[in-house]
Every structure is written in C-alpha cells, then in structure tokens.
Amino acid sequence: MIPEYPAMARLSVRLGVVSVMRWFGLNQLLDPASFLGYAPAWVRQFGDATLFVRGNGLFETVFATLLLLGLFTRPAAARLTLHMLPILLSVGYNEIGARDFAITLAALSIALAG
C-alpha cells in the first residue's frame with residue numbers, strides 16, 4: 001500500500017534535510033581544512049578553528065542521523081533550525097545564503113509538522 005501524500009511529503013523533506021546536513025557534517029569531520037574559510041572570525045581568537053569546524057560537523061552529523069532514524073524528530077529538527085540561523089546571518093545574501101535559507105525552512109517545517 002502506498003502511503004498518503006502528506007506522509008510522503010514529510011518523509012521527502014526529512015530525507016532532503018538529512019542528506020544535506022549529513023553530507024556537510026561528515027565532510028567537516030573528515031576534511032575540516034576545507035571548511036576553515038567559513039568559520040566566523042571570532043572563532044580564531046580562541047586558537048585554531050579546526051576544533052570549531054569539527055564540533056560543527058559532529059553536531060550536524062548527530063542531529064541529521066537522529067532525523068534519519070526518526071528519533072526525536074521534532075526536537076532534532078528544531079535544533080538544526082536554530083543552528084542554521086547564525087549561519088544564515090554570517091553567510092549573508094548570496095547563493096550560499098539562499099541554499100542555507102531553504103535548508104533552514106525545510107528543517108523548520110519538520111520541527112513544526114514532525
């Protein structure tokens with residue numbers, strides 16, 4: 001039996017957010033040097049930004065995995081939404097910001113609808 005359309009829509013949005021967040025999270029864990037340019041300037045006053053990038057990657061990987069498994073779906077999506085807000089502010093209005101805005105809204109829709 002085919003699930004109803006709203007359930008399929010929720011699943012597809014969830015899998016979309018999972019795929020993007022896990023891709024970025026795992027890449028930050030495996031190759032943090034490629035993401036150092038995206039670290040905010042204030043991070044560098046505490047030393048090497050590699051630890052910050054890896055921590056960010058761990059956060060994104062853990063919460064995306066919770067979404068993938070359907071565990072704590074709404075709280076995980078809410079945390080990812082809140083996580084994306086400062087990223088949006090630091091990236092600004094450009095093609096990367098537009099992508100991150102869409103990811104943020106998709107994560108928000110999961111947080112609101114489950």
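Reader: Where is the place of glycine 25?
Author: This is a predicted model, so everything below describes a prediction. Helix 1 runs over 5–30. The place of glycine 25 is in helix 1.

Reader: Is glycine 25 buried or exposed?
Author: Buried means under 20% relative accessible area. Glycine 25 is buried, because its relative accessible area is 0%.

Reader: Which residues is glycine 25 in contact with, leaving aside its neighbours within four places in sequence?
Author: Helix 2 covers 50–69. With neighbours within four places in sequence set aside, the contacts of glycine 25 are Gly57, Glu60 and Thr61.

Reader: How does leucine 29 count: buried, partly exposed or exposed?
Author: Leucine 29 also has its place in helix 1. Apart from neighbours within four places in sequence, leucine 29 is in contact with Arg54, Gly57, Leu58 and Thr61. Its relative accessibility is 26%, so leucine 29 counts as partly exposed.

Reader: What separates the C-alpha atoms of leucine 29 and threonine 81?
Author: Along the chain, leucine 29 and threonine 81 are 52 residues apart.

Reader: What pattern does the protein chain follow along the sequence?
Author: The secondary structure comes to four helices and zero strands. Read along the sequence, that gives the pattern α-α-α-α.

Reader: What is the radius of gyration of the protein chain?
Author: The globule rule gives 13 Å for 114 residues. The chain comes close to that value, so it is as compact as a globular protein of that length. Its radius of gyration is 15 Å.

Reader: What does the C-alpha trace span along its principal axes?
Author: The trace belongs to a protein chain of 114 residues. Along the principal axes, the span is about 55 × 25 × 20 Å.

Reader: What share of the residues in the protein chain is buried?
Author: The protein chain exposes about 7,200 Å². Carbon and sulfur atoms supply 71% of that area. Of the 114 residues, the buried share is 32%.

Reader: Which residues is leucine 67 in contact with, leaving aside its neighbours within four places in sequence?
Author: With neighbours within four places in sequence set aside, its contacts are Arg14, Val17, Val18, Thr73, Ala76, Ala77, Leu80 and Ile110.

Reader: What accessible area does the nonpolar patch on the surface have together?
Author: The patch is formed by Leu11, Leu15, Leu68, Leu69, Leu71 and Phe72. Helix 1 and helix 2 each supply at least two of its residues. Leucine 68 has its place in helix 2 and is partly exposed, because its relative accessible area is 38%. Together, the patch residues have about 580 Å².

Reader: What phi does phenylalanine 72 have?
Author: Phenylalanine 72 sits in the loop between helix 2 and helix 3. It is exposed, because its relative accessible area is 62%. Most residues other than glycine have a negative phi. Phenylalanine 72 is not a glycine, yet its phi is positive, about 50°.

Reader: Is leucine 89 buried or exposed?
Author: Leucine 89 lies in helix 3. Its C-alpha atom is 21 Å from that of phenylalanine 63. Exposed means over 50% relative accessible area. Leucine 89 has 75% relative accessibility, so it counts as exposed.

Terms used:
Residues are numbered from 1 along each chain as its sequence is written. This is a predicted model: local features need pLDDT of at least 70, side-chain atom pairs count only at pLDDT 80 or more; totals for chains, interfaces and linings use all residues. Side-chain values use heavy atoms; hydrogens and water are left out. Patches are made of residues with over 30% relative accessible area and no salt bridge: like charges are joined within 9 Å, nonpolar side chains (Val, Leu, Ile, Met, Phe, Trp, Tyr) within 5 Å. Accessible areas come from the Shrake-Rupley method with a 1.4 Å probe; for residues, only the protein chains shown count as cover. A salt bridge is a side-chain nitrogen of Lys or Arg within 4 Å of a carboxyl oxygen of Asp or Glu. Buried means under 20% relative accessible area, exposed over 50%, partly exposed in between (1.4 Å probe, protein chains only). The radius of gyration is taken over C-alpha atoms; the globule rule is 2.2 Å times the number of residues to the power 0.38. Contact means heavy atoms within 4.5 Å.
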